[in-house]
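The sequence and structure are shown first.

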Amino acid sequence: MSTDTGFSFIHHRIATSPLPPPASALYEYLLAGNGVFLRAQRQGISACIPVAPAEIRELPSVEPYTSLHAPRIPQPIMETILLESITAWGNTTGPKEALFHCTYEPEAQWTLTIPDQIRTYDSVRCTDPFTPSYASCVVEIHSHHEMPPIFSSTDDKDETGFRLFGVIGNFGRRPQILFRVGIYGHFATIPARLVTHLPPVLQDAFSNTQG
């Protein structure tokens, strides 16, 4: 719990119209007329995602959003990610997952890092958990090769920071990618067009998640 002054890890706020800027905190909970929301901002990203829908009378509603404060990731970077993922899928010792970090710096634009990593059939992780690209990346992507691009319970446990996450899969048919925003263990899927320019051979799986 916190007040509106000073920094706190978690802030709690009752929604007003208009909403004030986000609090100086890692993230804040908003109690709104249409439920509870989680709001946060960091360099490169701001987001507000639903946590628990509810009807709370006499409070204004809040609209969820995810904003990437940078140009979308260029198509050539996504082509490199797809090619490296397909290469890991075709590994001579069996299909492997692959991991990628995308970092944005205004001076250098987008940079793709393929960190040193330990790859298995159903997992991938950095060899060094303190690799610099992990701390600085805005978008983290990994592959599920022929498996569907669906975030697993293991992904939910591993993806604990505040950034955009992507998973590529469905190799052997038409490759697909799914993106989501993660705010310290809370998630919301988002359309790929908010994040990147996709190559024609890579399909956005976002519509598959909408009931």
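## The cavity and its lining

S2 gives the largest share of the lining of the largest cavity, with 4 residues. The model is a predicted one. Both strand S2 (25–32) and strand S3 (35–42) supply at least two residues of this lining. Sorted by class, they are 6 nonpolar, 1 polar and 2 charged residues.

The volume of the largest cavity is about 30 Å³. The structure holds 1 cavity of 30 Å³ or more. Rolling a probe the size of a water molecule over the atoms is what shows where empty space is left.

## The sheet around S2 and S3

S2 and S3 belong to an open sheet of 5 strands, in the order S1-S2-S3-S4-S5, with mixed pairing. Strand S1 (8–14) and S5 stand at the edges and have a single partner strand each, so one side of each lacks a neighbour in the sheet. On average, neighbouring strands of this sheet are turned by 20 degrees against each other, direction ignored. Strands of a sheet pair through backbone hydrogen bonds, in either a parallel or an antiparallel sense.

The pairing of S2 with S3 is antiparallel and runs over 5 bridges. Within this pair, alanine 32 stands opposite glycine 35 in S3. S3 is in turn joined to strand S4 (residues 45–53) by 8 bridges, and these two strands also run antiparallel. Arginine 42 has isoleucine 45 in S4 as its bridge partner. S3 and S4 form a hairpin with 2 residues between them. Glycine 44, in the turn of that hairpin, has a positive phi of about 100 degrees.

Serine 46 has serine 67 in S5 as its bridge partner.

## Backbone exceptions in the loops

Most residues other than glycine have a negative phi, and most peptide bonds are trans. Which residues are joined by a cis peptide bond? Serine 17 and proline 18 are joined in this way, with omega about 0 degrees. Proline 18 is found in the loop between S1 and S2.

Glutamate 58 has a positive phi of about 70 degrees, although it is not a glycine. This glutamate 58 lies in the loop between S4 and S5.

## The largest pocket

The largest pocket contains about 490 Å³ of space. Which elements give two or more residues to its lining? They are strand S6 (99–105), strand S9 (124–126), strand S10 (139–143) and helix H3 (153–158).

The lining of the largest pocket has 23 residues, and Leu99, Val124, Arg125, Glu140 and Asp158 lie nearest the centre. By class, the lining divides into 8 nonpolar, 8 polar and 7 charged residues.

## Aromatic contacts

How many aromatic pairs are found in the whole structure? A search finds 5 of them. Tyr27, Tyr29, Phe162 and Tyr184 are linked into a cluster by ring pairs.

Two arginines sit over aromatic rings. Arginine 163 lies over the face of tyrosine 134, at 4.3 Å from the ring centre. Arginine 180 lies over the face of phenylalanine 151, at 3.9 Å from the ring centre.

Methods
Residues are numbered from 1 along each chain as its sequence is written. This is a predicted model: local features need pLDDT of at least 70, side-chain atom pairs count only at pLDDT 80 or more; totals for chains, interfaces and linings use all residues. Side-chain values use heavy atoms; hydrogens and water are left out. On a 1 Å grid over the protein atoms alone, a cavity is a set of points where a 1.4 Å probe fits but cannot get out, and a pocket is an open set with protein on both sides within 12 Å along at least five of seven lines; lining residues have an atom within 4 Å of a point. Grid points are joined across faces, edges and corners, and a volume is the space filled by probe spheres set on the points. Ala, Val, Leu, Ile, Met, Phe, Trp, Tyr, Cys and Pro count as nonpolar, Asp, Glu, Lys and Arg as charged, and the others, Gly among them, as polar. Rings of Phe, Tyr and Trp (its six-membered ring) pair if their centres lie within 6.5 Å; planes under 30 degrees apart count as stacked, over 60 as edge-to-face and the rest as tilted. A charge sits over a ring if NZ of Lys or CZ of Arg is within 6 Å of the ring centre and within 35 degrees of the ring normal. Two strands pair if DSSP finds at least two bridges between them. Axes are lines fitted to C-alpha atoms, for helices over the stretch in contact, and angles run from 0 to 180 degrees between N-to-C directions.
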